[in-house]
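Look at the model first, then read on.

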Amino acid sequence: MTQYVKTAKNPQARQRQRAAFEHLLAAFAASQGQPPQQRWPWLEAAHVVGQNRLLLHWRAHWQMLRYAQQLNEAAEIRGQRARLLLTLLGHLVRRLPQGNTGRAHIPAFRTMVPSAAVRERITQAMQAVAPPIQAT
């Protein structure tokens, strides 16, 4: 399973987390024209990466809502609207299930292992934003 970086007291980890999150959203935007089953994993990966930080978590659900609206997926639209509200509650009560990909068809409080496609995107994003290795 992908290792999730503890970021609470580590400014470099928080910065890398944000950069990976932005990388995933940029990759989603660049995937325009691909079928939904290839695009959703970018947003799911962004959700997993940003889930422990309120603003990133909220932004992931906002992007999911916008995409569901583009696709005119009524169930996903309803689910994402509910999750935008649940995001604040989850952070207030500190109940954020690790690995949950944030889609409407997944129970909101289910801890899970993300799919291989989501894990691969997270790995790619973390590698893309990793600090350069310095020669010794």
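The crossing of α2 and α3 is left-handed. This comes from a predicted model. Helix α2 covers residues 36-50, and helix α3 covers residues 54-71. They pack at an angle of about 165°. Angles over 145 degrees count as roughly antiparallel, so α2 and α3 are roughly antiparallel to each other.

Which residues meet between α2 and α3? On the α2 side they are Pro36, Arg39, Trp40, Leu43, Glu44, Ala46, His47 and Gly50. On the α3 side they are Leu56, His57, Ala60, His61, Gln63, Met64, Tyr67, Ala68, Gln70 and Leu71. By class, this contact has 10 nonpolar, 6 polar and 2 charged residues.

The crossing of α1 and α5 is right-handed. Their angle is about 120°. From α1, the residues in contact are Arg16, Ala20, His23 and Leu24. They meet Arg121, Gln124, Ala125, Met126, Gln127 and Ala128 in α5. By class, the contact of α1 with α5 has 5 nonpolar, 3 polar and 2 charged residues.

The table sets out the two pairs.

| Helix pair | Angle | Axis distance |
|---|---|---|
| α2 and α3 | about 165° | 8 Å |
| α1 and α5 | about 120° | 8 Å |

Next comes the nonpolar interior. In soluble globular proteins, nonpolar side chains tend to be buried together. Here, the largest nonpolar core has 25 residues. Phe21, Leu24, Trp40, Leu43, Val49 and Ile122 have the most contacts inside this core. The elements that give two or more residues to the core are α1 (11-30), α2, α3, α4 (74-92) and α5 (116-128). Which of them gives the most? It is α2, with 7 residues.

Take Trp40 on its own. Beyond its neighbours within four places in sequence, Trp40 is in contact with Met64, Tyr67, Ala68, Leu71, Glu73, Glu76 and Arg103.

His91 is the last stop. His91 sits in helix α4. Is His91 buried or exposed? Its relative accessible area is 16%. Buried means under 20%, so His91 is buried. Leaving aside neighbours within four places in sequence, His91 is in contact with Gln51, Asn52, Arg53, Leu54, His57 and Leu96.

Technical notes
Residues numbered from 1 in each chain as written. Predicted model: local features only at pLDDT ≥ 70, side-chain atom pairs only at ≥ 80, totals over all residues. Heavy atoms only, no water. Axes fitted to C-alpha atoms, helices over the stretch in contact; angles between N-to-C directions. Helix = DSSP H or I, 4+ residues; strand = E, 2+ residues; numbered from the N terminus. Parallel < 35°, antiparallel > 145°, perpendicular 65-115°, else oblique. Left-handed = near helix turned anticlockwise from the far one by under 90°. Contact = heavy atoms within 4.5 Å. Nonpolar A, V, L, I, M, F, W, Y, C, P; charged D, E, K, R; others polar. Core = buried A, V, L, I, M, F, W, Y, C linked by side-chain atoms within 4.5 Å. Buried < 20%, exposed > 50% of the residue type's maximum accessible area, 1.4 Å probe, protein only.
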